[in-house]
Amino acid sequence: MATNGAGLPPREAMEFDCVIVGAGPSGLSAAIRLKQLAAESGQDISVVVLEKGSEVGAHILSGAVIDPVGLNRLIPDWKDKGAPVDTPVTEDQFLVLGPAGEMRLPNWPLPPFMKNHGNYIVSLGALCRWLGEQATELGVEIYPGFAASEVLYDDKGAVVGVATGDMGVGRDGEPKDSFVRGMELRGKYTLIGEGARGSLAKQLIAKFKLDQGHEPQKYGIGLKELWQVAPEKHRRGLVQHSFGWPLGNSTGGGSFLYHYGDDLVAVGFVVHLNYENPYLSPYDEFQRFKTHPAIRDTFEGGKRIGYGARAITEGGWQSMPDLGVPGGALMGCSAGMVNVPRIKG
């Protein structure tokens, strides 16, 4: 039965076997795998995915190099099904930048997990849209444009679903004429994959003390731009990482340039949140980075066609909280599943 907030009409409620918050790589992969497992055992289960963005992929911000091992296991025939994974890595570079020059590190002494042979450069947004299509074909219900704002519990304290936020609330917190009550999506199991430092994950971590016995989570901010560069500047398949200038020795961070698609370059700059500079913001440092002699030539004559920023979990394995709670679990960036040494999620 739907709960009723004080003085508010009751919410409508929908029942599912599994409710998933977040249509990112982890949420969509989980939905697909649940449907696959159910089909293998001759069952039909109901799975719903809530996505706060206007469409699947709208909140995915990443110039991404992916190791296809996970995709191979999830959807072995992904190539035949038209997955937007078609730019294999052809060259891998690591640069150390100084104020006026650079030094390229040789690839041979780098540990295997930092090498990208056999990996692909992708638009993670496009890949998520494709995963959404695969999930829908399996019968997964996906509701874009709905943000989960509240975790629902039963009388024993177990998670039983989530509720979407009320719409049409004024600045004073009072309902307006356009007020529409949120909806409850109740499930036998609830998976939270809402991204780094999501509000529901924070609630669950605090309520169930999931971070006890683990190192504190660490965060960075990642800034990204997507450029259409001049054809002669494009080197399809090039993966370039760098660190050093303009950041000082006391500030962690680095950058990437990924050449893929039709003359597209994703350029990103990551700064750890212990960054301290009263004069320049991380965004300012990002713009300085693009003026470096080793970098700027790529963008001369090009056009920026997109940009954004997002939080990144950087604590790694030792900072991951316990994942399971009664009736649910954390996954993806909500659980800090970024493999920092690999520079991948």
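1. A search of the whole structure, which is a predicted model, finds six aromatic pairs. One of them joins Trp 78 and Tyr 120 in an edge-to-face arrangement, with 5.8 Å centre to centre and 85° between the planes. Trp 78 belongs to the loop between helix H2 (69-74) and strand E4 (87-88), and Tyr 120 to strand E7 (residues 120-123), so this pair ties together parts that are 42 residues apart in sequence. Both Trp 78 and Tyr 120 are buried.

2. Phe 269 and Phe 286 form a stacked pair, at 5.9 Å centre to centre and 15° between the planes. Phe 269 is in strand E17 (residues 264-272) and Phe 286 in helix H5 (residues 282-289), and the pair thus links distant parts of the chain, 17 residues apart. Phe 269 counts as buried because its relative accessibility is 2%, under the 20% cut-off. Phe 286 is likewise buried, with a relative accessible area of 1%.

3. Ring pairs link Phe 269, Phe 286 and Phe 289 into a cluster. The charged end of Lys 290 sits over the ring of Phe 286, 5.4 Å from its centre. Elsewhere, Lys 207 lies over the face of Phe 208, at 5.8 Å from the ring centre.

4. Strand E15 (238-244) and strand E16 (253-260) each supply at least two lining residues. By class, the lining has six nonpolar residues, five polar and no charged.

Terms used. Residues are numbered from 1 along each chain as its sequence is written. This is a predicted model: local features need pLDDT of at least 70, side-chain atom pairs count only at pLDDT 80 or more; totals for chains, interfaces and linings use all residues. Side-chain values use heavy atoms; hydrogens and water are left out. Helices (H or I, at least four residues) and strands (E, at least two) are DSSP runs, numbered from the N terminus. Ala, Val, Leu, Ile, Met, Phe, Trp, Tyr, Cys and Pro count as nonpolar, Asp, Glu, Lys and Arg as charged, and the others, Gly among them, as polar. Rings of Phe, Tyr and Trp (its six-membered ring) pair if their centres lie within 6.5 Å; planes under 30 degrees apart count as stacked, over 60 as edge-to-face and the rest as tilted. Buried means under 20% relative accessible area, exposed over 50%, partly exposed in between (1.4 Å probe, protein chains only). A charge sits over a ring if NZ of Lys or CZ of Arg is within 6 Å of the ring centre and within 35 degrees of the ring normal.
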